[in-house]
Amino acid sequence: MKPLRTAILGCGKIARKHAAVLASLKEIEFTGFCDQVLENALSFRDSFGPGEVFTDHEQMFRELNLDLVYICLPPFAHTNEVELACKHGVHFLIEKPIALSMDLANQMASHVRTSGVKCQVGVMYRHGEAVKWLKEYMHNSLTTGAGFMSARYSCNSLHRDWWRDRNKSGGQLVEQVIHLLDMTRFWLGEPCLVYSIQRNLFHTRVEDYTGEDTSATTICFENGGIAVIAATNGAIPNRWDYDWQVVLPEITAEFKDANHAVVHNTRPDSGSTLTVASEKDLLLAQAVDLVSAIREDRDPLVPIEEGVRSLNLALSAAFSAQQGVPIHLEPPG
Ligand SMILES: NC(=O)c1ccc[n+]([C@@H]2O[C@H](COP(=O)([O-])OP(=O)(O)OC[C@H]3O[C@@H](n4cnc5c(N)ncnc54)[C@H](O)[C@@H]3O)[C@@H](O)[C@H]2O)c1
């Protein structure tokens, strides 16, 4: 079978990790590298080439007969690249958050639906072994949804200039903590209410830091469950700490990350625990799943609709914080 003619759009930090993973797959042949900064695209070709370089994605879609594109643009830079990928029949992975407006996100989903291309959204925690273990347990025990999830995300970095600018990143919750918002939907189902408090407490003297650096978010779900997420970018420098706990009837799972969890049996007569631990490469797992989905003509593990719904939750939380009121979410259409 011929390798997939593959391009990278947005040759930055996360794209380099994806490209290194893709380079290890025999199904992938790099064909194009596109970045608005020519040097970034050239440096990817130096590392992962051969392939043509572009500074304009429209030209790349026109000139290359692609099978697959990895869209690794910053949140504010999404425009018509999904529309063009769909028009040219190019499958794609798109990093989270997939957009900064629901209008654009819904348009993307509509293009994917009508074109039939395969789309994987880059929320890679869903590929973790501990995450998969608990999902299978829920499936086998006919547990429809967890009752409670609590989560923490903690770091301390100035990140990229676009990251600090709320208009370009959406803020810490939308850009970063969306991974955990996505996990709440994964365990509890669809949300119906969100209330978020967001403040800039630690970076008031950083002139261009307009996003929040601390937040507390409470979410209610259609199944009656509740989730709480605490996040800060004012904690320990050079550390990205996160964890979460999922509480089900008779089971509580403490996740250190997507590959590691201690699962407690909470029946009064039990007290037993089970440990799930894996070193699975999550970016590799999502790439392998996407390639298989293309070959087998099936949906990838995280199709575009999941990216749309988790974005809706994140943007609703940001709106709640801005307005100072809880926001009701409509059931997905
Ligand atoms: N899944 C994860 O864990 C994870 C981790 C980091 C970043 N991300 C996401 O990946 C995306 C990119 O983040 P990053 O840290 O790699 O950013 P980055 O700033 O390092 O890279 C972005 C690249 O896109 C280029 N670019 C910007 N606008 C462009 C345009 N219109 N056309 C072509 N190129 C353009 C920039 O020049 C830059 O090289 C963000 O949405 C971020 O949230 C995901």
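I begin with a definition: a residue is buried under 20% relative accessible area, exposed over 50%, and partly exposed in between, with a 1.4 Å probe and protein chains only. This is a predicted model, in which local features need pLDDT of at least 70, side-chain atom pairs count only at pLDDT 80 or more, and totals for chains, interfaces and linings use all residues. Residues are numbered from 1 along each chain as its sequence is written, and side-chain values use heavy atoms, without hydrogens and water.

Let us turn to the rings. Rings of Phe, Tyr and Trp (its six-membered ring) pair if their centres lie within 6.5 Å; planes under 30 degrees apart count as stacked, over 60 as edge-to-face and the rest as tilted. The structure holds 13 aromatic pairs. In one of them, tryptophan 187 and phenylalanine 255 have ring centres 5.7 Å apart and planes at 35°, so this pair is tilted. The pair links distant parts of the chain, 68 residues apart: tryptophan 187 lies in helix H10 (residues 178-188) and phenylalanine 255 in strand E12 (residues 251-257). Helices (H or I, at least four residues) and strands (E, at least two) are DSSP runs numbered from the N terminus. Tryptophan 187 is buried at a relative accessible area of 1%, and phenylalanine 255 is buried at 2%.

Tyrosine 242 and tryptophan 244 form a stacked pair, 6.4 Å centre to centre with 10° between the planes. Which of these residues is buried? Tryptophan 244 is buried, with a relative accessible area of 2%, whereas tyrosine 242 is partly exposed, at 23%. Ring pairs link Tyr125, Tyr153, Phe186, Trp187, Tyr242, Trp244 and Phe255 into a cluster.
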